[in-house]
Amino acid sequence: MDAFDREISAAAEILALTRKAAAFCGSGVSAESGISTFRDPGGIWERIDPMEAGTSGGLLSSLAKNPEKMMKIFYDLLEAFEKAECNPGHRALADLEKMGILATVITQNIDNLQNEAGSDNIIEMHGNLFRMVCLSCRRKKKLDRKPFIRDLKLTLNNLKDYSLASLVTLAPRCDTCGSIMRPDVVMFGEAVQDLPRAFEAGGECEVLLVLGTSGVVYPAADLPFEAKRKGADIIVINPRENAFEEITDVYLPMKTGSALPAIVDKIKKK
Ligand SMILES: [Zn+2]
C-alpha cells in the first residue's frame, strides 16, 4: 500500500463512520474547472488592483478611467465562467451527500458549480454570481448560468460604448419593482453572507473536509479551527501549502478532483 492509498483509506474510514460531515471549499476546488483563483499567478488580481476593482465604487471608477482594459478582463471572466463544468470533486461531494455522510457544503466559491453537481445543502459564504439581488427591494432571482452569460456577451458585443449609461442597460431588472439588479456576491469590505450559519455547520459537524483553501481569507479561514475546537476530525485535501497543518488529522496533498472520488469509491467498497 503506497502513501496515497494509506491516506485515502484513512479518510474513508473516518467518513464511513459519520452522518454529520461537512465540507469547507475554497477556490482550489473550482480552479480544477478552469476558474482561476483570484490570488494565483495569472489570476484576476494580477491584472487589476483588488482595492480598486474589488469594491463596487472602485469598480465603477476603474471602468470610467480605463473602460477597454476593464471590459477585456470582464469578457475573459465571463468566458471562464461560461466554459466551466463541475469537476469530479464537486460530483464526489454530491455523492457523499446522497450517501448520507455529508450534511453540508460550505463554499467560498460563487460559480454555482456545486449546485450544478447536485448538492442540496450548500452555504455560499461569498454569494452566487448567478443569483441577482434587487438594489431597491432586495428581492433575489436565480439565473441559468450558461444562457445568461451567452446573452450578456451578445449584448456586450453590440454596445456602442462602455460608458456607465450604456453599461447600466446590461443590468437585469427586478420583476417586482423594475429597479436594477446586481449579482448577489460579497465584494471586498462587505459582510460575508451566512457567516453564523456557516460557523454553526462547522461547529456541529463530526468531520470537516477542508478542500482547496489556503486559509488566508478571514473570517472564513477560522472555520476549520472552530470545528476542531468543537471536536471534529479534520481532513485536508490541498496540493498547496495551507494554514491548517497543526489541526489536520489526515492530509492529502493532491487535487480534490482526484482524492474525493477515490475516497467515495473506497467507502462504497466497504
Ligand atoms: Zn425590486
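Colleague: How are the donor residues of the zinc ion spaced in sequence?

Modeller: In this predicted model, the spacing of the donor residues reads C-x2-C-x36-C-x2-C. The protein donors are the SG atoms of Cys 134, Cys 137, Cys 174 and Cys 177, which lie 2.3 to 2.4 Å from the zinc ion.

Colleague: Why is the site of the zinc ion called tetrahedral?

Modeller: The angles among the four donor atoms are 97 to 122°. Four donors count as tetrahedral if all angles lie between 85 and 135 degrees, so the site of the zinc ion is tetrahedral.

Colleague: What makes Cys 137 and Cys 174 a pair that ties together parts apart in sequence?

Modeller: Cys 137 lies in the loop between E4 and strand E5 (140-142), and Cys 174 in the loop between helix H10 (164-168) and strand E6 (181-185); the parts tied together are therefore 37 residues apart in sequence.

Colleague: Why does Cys 137 count as partly exposed, and why is Cys 174 called buried?

Modeller: Buried means under 20% relative accessible area, and exposed over 50%. Cys 137, at 37%, falls in between and so counts as partly exposed. Cys 174 has 4% and is therefore buried.

Colleague: Why is the pair of Phe 130 and Phe 148 called edge-to-face?

Modeller: The ring centres are 6.3 Å apart, and the planes stand at 80°. Rings pair if their centres lie within 6.5 Å, and planes over 60 degrees apart count as edge-to-face; the pair of Phe 130 and Phe 148 is therefore edge-to-face. Both Phe 130 and Phe 148 are buried. Ring pairs also link these two residues with Phe 81 into a cluster.

Technical notes
Residues are numbered from 1 along each chain as its sequence is written. This is a predicted model: local features need pLDDT of at least 70, side-chain atom pairs count only at pLDDT 80 or more; totals for chains, interfaces and linings use all residues. Side-chain values use heavy atoms; hydrogens and water are left out. Rings of Phe, Tyr and Trp (its six-membered ring) pair if their centres lie within 6.5 Å; planes under 30 degrees apart count as stacked, over 60 as edge-to-face and the rest as tilted. Buried means under 20% relative accessible area, exposed over 50%, partly exposed in between (1.4 Å probe, protein chains only). Donors are N, O and S atoms within 2.8 Å of the metal (3.2 Å for Na, K and Ca); water is not among the atoms, so sites may look incomplete. Four donors count as tetrahedral if all angles lie between 85 and 135 degrees; four count as square planar and six as octahedral if opposite donors are over 155 degrees apart and all others between 65 and 115; anything else is irregular. Helices (H or I, at least four residues) and strands (E, at least two) are DSSP runs, numbered from the N terminus.
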